[in-house]
Amino acid sequence: MILTPEQCRAARGLLDWTQEHLAQEAGVSRSTVRDFEKQRHHLNRASEELMIEAFAKAGVRLISLDEDGLGVRLVPSACGL
């Protein structure tokens, strides 16, 4: 799975997370999140995996282009819905 800047921003929005909160949950720096979302650089594989894992634990499912189009979705059982 490749995380896009758009998915990252959308997932944070669904969770009402700041960049700082995502950075803390994923164990990466805020500048990593900020610069990735502003498309200043790509994520290294380890940072990407940590961010994807943080979103998954919070109940966000990333949707790839292979599925129904690029996006994010809250998983009801994981987010208490």
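1. Aromatic pairing. Rings of Phe, Tyr and Trp (its six-membered ring) are paired if their centres lie within 6.5 Å; planes under 30 degrees apart count as stacked, over 60 as edge-to-face and the rest as tilted. By this rule there is one aromatic pair. W17 and F55 form this pair, which is stacked, with 6.0 Å from centre to centre and 25° between the planes. The two residues are 38 apart in the chain: W17 sits in the loop between α1 (5-15) and α2 (19-26), and F55 in helix α4 (residues 45-57). Helices here are DSSP runs (H or I, at least four residues) and strands are runs of E (at least two), numbered from the N terminus.

2. Basis of the values. This is a predicted model, in which local features need pLDDT of at least 70 and side-chain atom pairs count only at pLDDT 80 or more, while totals for chains, interfaces and linings use all residues. Residues are numbered from 1 along each chain as its sequence is written, and side-chain values use heavy atoms, with hydrogens and water left out.

3. Burial of the pair. Buried means under 20% relative accessible area, exposed over 50%, and partly exposed in between (1.4 Å probe, protein chains only). W17 counts as buried because its relative accessibility is 13%. F55 is buried too, at 0%.

4. Surroundings of F55. A contact means heavy atoms within 4.5 Å. Leaving out residues up to four places away in sequence, F55 touches L3, C8, A11, R12, L15, W17, L22 and V60.

5. The core. A nonpolar core is a set of buried Ala, Val, Leu, Ile, Met, Phe, Trp, Tyr and Cys residues joined through side-chain atoms within 4.5 Å. The largest one has 19 residues, of which L3, C8, L22, M51 and F55 touch the most other members. At least two residues of this core come from each of α1, α2, α3, α4 and β1 (60-63). Helix α4 gives the most, with four residues.

6. Helix α3. In helix α3 (residues 30-37), the buried residues are T32, V33, D35, F36 and E37. They pack against α1, α2 and α4.

7. Contacts between α2 and α3. Which residues of α2 meet α3? Q19, E20, L22 and A23 do so, and their counterparts in α3 are R30, V33, R34 and E37.
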